[in-house]
Amino acid sequence: MNAYEQYMKELAQPMRSELTEQGFESLETPDQVKGYMEDAEQNETTFVVVNSVCGCAAGLARPAAVTVALQNDKKPSRTATVFAGQDKEATETMREYIAQVPSSPSMALFKGNELKYFMPREHIEGRDIQEICMDIKDAFDEYCD
């Protein structure tokens, strides 16, 4: 790892911790992503946050919207995160499951391995935090038990 990569890893660690401290599993390799996604049972819901260092990730997606949305009565049984720009191969592997335009930050909700809901960056950036939370909660209400 060169000095720049080490610096960026250290810079990103607190941002990663904002989610792992909320119980999110940090998926840092393609094998971790594949194993995690393949372990999902058909009726199990999984909420994935594609994390990043950008301002809309820090100000809106992480941890505020995620933390508030997870206080909903209905919530996913599993939560995970990949970090765009840090865990590049893991992020690309997760994006294969999401099958949407690459976007970070972004959020995805799966039932089993089927994508049920996706919030790309353009639906996060510049929006009110309450609107983002309501969109996530609505997805949880529709797809989570």
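**Pockets, strands and a ring pair**

Reader: How much space lies in the largest pocket?

Author: A pocket is an open set of points on a 1 Å grid over the protein atoms alone, with protein on both sides within 12 Å along at least five of seven lines. Grid points are joined across faces, edges and corners, and a volume is the space filled by probe spheres set on them. For the largest pocket that space is about 370 Å³.

Reader: What kind of model is this?

Author: Residues are numbered from 1 along each chain as its sequence is written, and side-chain values use heavy atoms, leaving out hydrogens and water. Local features need pLDDT of at least 70, side-chain atom pairs count only at pLDDT 80 or more, and totals for chains, interfaces and linings use all residues, as this is a predicted model.

Reader: Which element gives the largest share of the lining of the largest pocket?

Author: Lining residues have an atom within 4 Å of a point; of the 17 here, E5, G85, Q86, D87 and K88 are the closest to the centre. Helices (H or I, at least four residues) and strands (E, at least two) are DSSP runs, numbered from the N terminus. Two elements give two or more residues, α1 (3–20) and α4 (88–98). The largest share, five residues, comes from α1.

Reader: How many residues of that lining are charged?

Author: Ala, Val, Leu, Ile, Met, Phe, Trp, Tyr, Cys and Pro count as nonpolar, Asp, Glu, Lys and Arg as charged, and the others, Gly among them, as polar. The lining of the largest pocket has seven nonpolar residues and three polar ones, and its charged residues number seven.

Reader: How much space lies in the largest cavity?

Author: In a cavity, a 1.4 Å probe fits but cannot get out, and the whole structure has one of 30 Å³ or more. Its lining includes V50, R95 and F118, and divides into six nonpolar, three polar and one charged. The space in the largest cavity is about 40 Å³.

Reader: What is the order of strands in the sheet?

Author: Two strands pair if DSSP finds at least two bridges between them. The open sheet has five strands and mixed pairing, in the order β1-β3-β2-β4-β5.

Reader: Which residue in β5 is the bridge partner of K111?

Author: Strands β4 (residues 106–111) and β5 are antiparallel over five bridges, and L109 stands opposite Y117. Two residues lie between these strands in their hairpin, where G112 takes a positive phi near 65°. The partner of K111 is E114.

Reader: How far apart in sequence are the parts that F47 and F140 tie together?

Author: Rings of Phe, Tyr and Trp (its six-membered ring) pair if their centres lie within 6.5 Å, with planes under 30 degrees apart counted as stacked, over 60 as edge-to-face and the rest as tilted. F47 and F140 are edge-to-face, 5.1 Å centre to centre with 90° between the planes. Since F47 lies in strand β2 and F140 in helix α5 (residues 129–143), the pair ties together parts whose separation is 93 residues.
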